[in-house]
Amino acid sequence: MTDLPLLKVRDVSKFYGSRIGCTNVSFDLWPGEVLAIVGESGSGKTTLLNCLSTRLMPSTGSVEYHMRDQSYRELYHMSEAERRFLMRTDWGFVHQNPADGLRMTVSAGANVGERLMAVGDRHYGRIRATASDWLERVEISTDRIDDQPRAFSGGMRQRLQIARNLVTGPRLVFMDEPTGGLDVSVQARLLDLVRGLVNDLGLSAIVVTHDLAVARLLSHRMMVMKDGLVIEQGLTDRVLDDPREPYTQLLVSSILQV
Amino acid sequence: MATPLVVSEVFKSFTMHLRDGLRLPVVADVNFSVASGECVVLGGPSGIGKSSILKMLYGNYAVDSGQILVAHHERIIDIASAVPRTVLEVRRDTLGYVSQFLRTVPRVPALDVVAEPLVARGTSAEEARARAADVLARLNLPKDLWQLPPATFSGGEQQRVNIARGFITDHSVLLLDEPTASLDAANRKVVVEMIRAKKDAGVALLGIFHDEEVREAVASRILDVSQFSPRKAAA
């Protein structure tokens with residue numbers, strides 16, 4: 001365990017005109033740590049995720065990232081090109097809707113290979129071999145390598161999106177409701193897969209979800225958001241077993257028992 | 001290192017915001033310590049706060065005030081105030097917990113569930129699985145179940161997976177929440193032997209055992225939790 005945070009977030013706020021997206025969010029994310037951001041729709045969790053991942057410029061605050069060369073860089077002081085390069089190589093972003101993160105009209109293999117080419121790999125055979133290896137890791141049969149994701153089921157598309165994101169060996173992955181819209185058996189498979197990959201690769205991840213069971217299974221730490229504010233945070237077990245804030249108690253008590 | 005667990009002046013209550021802020025005191029002024037090689041058994045009637053104490057020690061419950069000190073790699077960590085990643089590090093290396101029920105992860109086979117704490121500490125998957133197989137065999141879990149996820153196992157089978165997972169590492173502090181509750185006599189005996197082996201190895205154990213026979217067999221001393229009852233303190 002290195003003793004420097006991967007991401008340092010200080011007082012990040014985002015206003016849409018006079019409306020609040022999220023306010024005064026500060027935290028450190030450590031290497032190997034999985035942070036879940038939970039809250040109901042409109043609580044600001046996706047706004048926050050977008051502010052952290054350079055997809056949306058925050059109104060105030062700073063987000064510093066620990067680069068591979070050990071320096072800290074303020075994300076919003078980087079050039080657009082540098083930010084894009086970071087996004088393509090050291091980071092991953094898994095969208096709720098796989099169509100937002102995949103290119104639907106090129107083959108599954110090319111979807112995975114494209115990220116490799118972005119980091120400079122030019123050897124076709126090697127790219128194809130790596131792509132095929134990653135399809136296997138996310139449990140997509142390799143004889144589908146030349147098919148377009150259009151022809152895939154929702155669960156397969158989501159797994160393909162994960163492969164595309166992880167192929168470059170990122171250190172930080174953002175996930176926005178990665179299991180949203182999937183049926184439960186597919187969800188379980190995906191969660192197990194993500195959990196295994198995160199453990200094996202030692203990734204850090206920030207996962208936005210409204211599903212507390214997903215948060216319990218995947219995350220070490222949890223932040224609960226309401227009306228743009230982080231109202232409670234801590235060890236995932238602690239927040240779920242001993243919620244302190246009224247809203248967190250309401251969330252936890254609303255989980256359906258099977 | 002002789003006293004790896006010290007609990008000092010711990011108070012705990014629940015505030016139920018959904019019930020108009022009803023405040024439920026759980027325990028007050030909890031003070032005790034557990035030495036290496038000792039198995040302290042929490043005693044007292046149901047609802048007195050025994051499980052809550054274990055959950056506070058493991059970091060699942062927050063405390064209102066007080067300290068929970070654990071000797072972790074030559075350092076003393078206060079679980080009550082430590083940040084999440086420190087709590088997780090202490091859990092990985094020092095502080096083990098066998099809960100009453102197994103929280104199963106879909107699709108992960110029993111053998112890997114048991115091997116996981118070793119893998120998390122850097123043991124190779126192969127060696128971890130071999131050691132997991134040893135523990136599961138010792139606990140008489142039928143071999144044809146090892147490759148199956150424990151979700152469909154019986155209560156006793158799940159509990160043995162849970163015990164195996166908790167006992168496989170050489171954590172220096174071990175919390176046990178009724179580990180023998182749903183076991184038959186033969187397997188209870190195995191668990192008693194495993195607890196004795198941990199004591200001999202210098203592990204500090206703190207547990208809840210409702211089964212009198214097991215309690216007699218493992219307890220170094222009984223700690224009566226009713227002395228920490230907030231009702232008594234208020235009176």
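Predicted model: local features only at pLDDT ≥ 70, side-chain atom pairs only at ≥ 80, totals over all residues.
1. Leu7(A) has Tyr65(A) as its bridge partner, and Tyr65(A) sits in strand E4(A).

2. Four strands of chain A form an open sheet in the order E2-E1-E4-E5, with antiparallel pairing. Strand E2 (19-29) and strand E5 (72-74) are at the edges with a single partner strand each, so one side of each has no neighbour in the sheet. On average, neighbouring strands here are turned by 25° against each other, direction ignored. Look also for helix H1 (residues 45-52) of chain A, which lies across E1, E2 and E4 and runs at about 55° to E2(A).

3. Chain A has another open sheet to trace, with six strands in the order E6-E7-E8-E3-E9-E10 and mixed pairing. Its edges are strand E6 (91-94) and E10, each with a single partner strand, so one side of each is left without a neighbour in the sheet. Neighbouring strands of this sheet are turned by 15° on average, again ignoring direction.

4. One place to look is Val34(A), whose bridge partner in E8(A) is Ala205(A). Over at E6 and strand E7 (172-176) of chain A, helix H6 (residues 154-166) lies across both strands, at about 170° to E6(A).

5. H6(A) comes up again with helix H4 (residues 108-118) of chain A. The buried residues of H4(A) are Ala108(A), Gly109(A), Asn111(A), Val112(A), Gly113(A), Arg115(A) and Leu116(A). These buried residues pack against helix H2 (80-89), helix H5 (124-137) and H6 of chain A. After H4(A) comes Gly120(A), which has a positive phi, near 105°.

6. Turning to chain B, you will find eight helices and nine strands. Its radius of gyration is 18 Å, close to the 18 Å that the globule rule gives for 235 residues, so chain B is as compact as a globular protein of that length. The C-alpha atoms fill a box of roughly 55 × 40 × 35 Å along the principal axes, and 43% of the 235 residues count as buried. If you consider contacts in chain B between residues at least 6 apart in sequence, 70% of them join residues at least 24 apart.

7. With strand E8 (residues 204-208) of chain B, E3(B) pairs in the parallel sense over three bridges, and Val40(B) stands opposite Leu206(B) in E8(B). Strand E9 (residues 221-224) of chain B also runs parallel to E3(B), joined to it by four bridges; there, Leu42(B) has Leu223(B) as its bridge partner.

8. Finally, where do the two chains meet? The contact takes 19 residues from chain A and 15 residues from chain B. On the chain A side, helix H7 (184-201), strand E10 (229-235), helix H9 (236-241) and helix H10 (246-253) each supply at least two residues. H10(A) gives the largest share, four residues. By type, the chain A residues touching chain B divide into six nonpolar, four polar and nine charged.

Definitions and conventions
Residues numbered from 1 in each chain as written. Chains lettered and ligands numbered in written order. Contact = placed C-beta atoms within 7 Å. Nonpolar A, V, L, I, M, F, W, Y, C, P; charged D, E, K, R; others polar. Pairing = 2+ DSSP bridges. Axes fitted to C-alpha atoms, helices over the stretch in contact; angles between N-to-C directions. Rg over C-alpha atoms; globule rule 2.2 N^0.38 Å. Buried ≥ 20, exposed ≤ 12 C-beta atoms within 10 Å, placed from the backbone.
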